[in-house]
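I opened a new notebook page for this protein. These are my entries, in the order I looked things up.

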Amino acid sequence: MPRPRTLSDEQLLDMVLGLVHAEGPDAASFGAVAKISGLSGSTLVQRFGTKTAMLRACLLRAWDRLDMETARLVQSVPQTPEGAIDLLAGLSKDYGEDAASYAEGLLVLREDLRDPALRARGAAWGKTLATALDRCLGAQGKTHVGRLMLSQWQGCLLWWGFEPQGSIDDYVRGELRRFLSSLT
């Protein structure tokens, strides 16, 4: 009879994700994960098979969490232009407090772009966000303004990384307000 798991898959994947965010995807080796989890390397191999599979499972877990947070925010913001800004500013909080942490997060994005399953999750998330933004902007079926706002948001995150003046929240809100005012 197999021993009961001392850590659920979710708990373990959250530990791996913490390691990935702290030290980058390359740091998520079986040895490093064994050290932080208290599990043996052989147990990790039995659960995941390969380091690549463990990293994919970890990042799919991250996508699950992001999808849940996105759904929560979509339900909580008013369907107004300011609600669209609130939605994207709310999603920006996990990008870090400084340019260095934002840059570390780009290493995770690199993994998402390399893996077809992760890339598909990102594409689906983008469609969900664009649709929610269209609703907030009253633009359903009219234009692709939600997608344009989504692109503007990602661009302003990048520019904040180059010139991290003030909080990311203030920067995102200011840039998105400028974007929306240019549409009218």
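Which residues are buried in α7? I found Leu118, Trp125, Gly126, Leu129, Ala130, Ala132, Leu133, Asp134 and Cys136. Buried means under 20% relative accessible area, exposed over 50% and partly exposed in between, with a 1.4 Å probe and protein chains only.

Notes on the source. This is a predicted model, where local features need pLDDT of at least 70, side-chain atom pairs count only at pLDDT 80 or more, and totals for chains, interfaces and linings use all residues. Residues are numbered from 1 along each chain as its sequence is written, and side-chain values use heavy atoms, with hydrogens and water left out.

Helix α7. I looked up what covers its buried residues: the cover includes α4 (51-76), α5 (81-92), α6 (99-114) and α8 (145-162). Helices (H or I, at least four residues) and strands (E, at least two) are DSSP runs, numbered from the N terminus. I then checked the length of α7, residues 116-137. Its 22 residues should span 32 Å at 1.5 Å a residue, and the end C-alpha atoms are 31 Å apart, which agrees. The expected span is 1.5 Å times one less than the number of residues.

Ends of α7. Asp115 caps the N-terminal end, with a side-chain oxygen 2.8 Å from the backbone nitrogen of Ala117. Gly138 follows the helix, and its phi is positive, near 65°.

Thr70. This residue lies in helix α4. Thr70 counts as buried because its relative accessibility is 2%. Leaving aside neighbours within four places in sequence, I found Thr70 in contact (heavy atoms within 4.5 Å) with Leu87, Leu91, Trp125 and Leu129.

Met149. Not counting residues up to four places away in sequence, Met149 touches Ala84, Ile85, Leu88, Leu133, Leu137, Leu176, Phe179 and Leu180.

Helices α1 and α3. I looked at α1 (residues 9-23) against α3 (residues 41-48): they pack at an angle of about 110°, with axes 13 Å apart. That makes α1 roughly perpendicular to α3, a term for angles of 65 to 115 degrees. Axes are lines fitted to C-alpha atoms, for helices over the stretch in contact, and angles run from 0 to 180 degrees between N-to-C directions. Asp9, Leu12 and Leu13 of α1 make the contact with Leu44, Arg47 and Phe48 of α3.

Whole protein. I counted nine helices and zero strands. Of the 184 residues, 40% count as buried. The C-alpha trace spans about 65 × 35 × 25 Å along its principal axes.

Conventions: A polar contact is a pair of N or O atoms within 3.5 Å; within protein, one must be able to donate a hydrogen and the other to accept it, and residues adjacent in sequence count only if both atoms are side-chain atoms. Angles under 35 degrees count as roughly parallel, over 145 as roughly antiparallel, 65 to 115 as roughly perpendicular and the rest as oblique.
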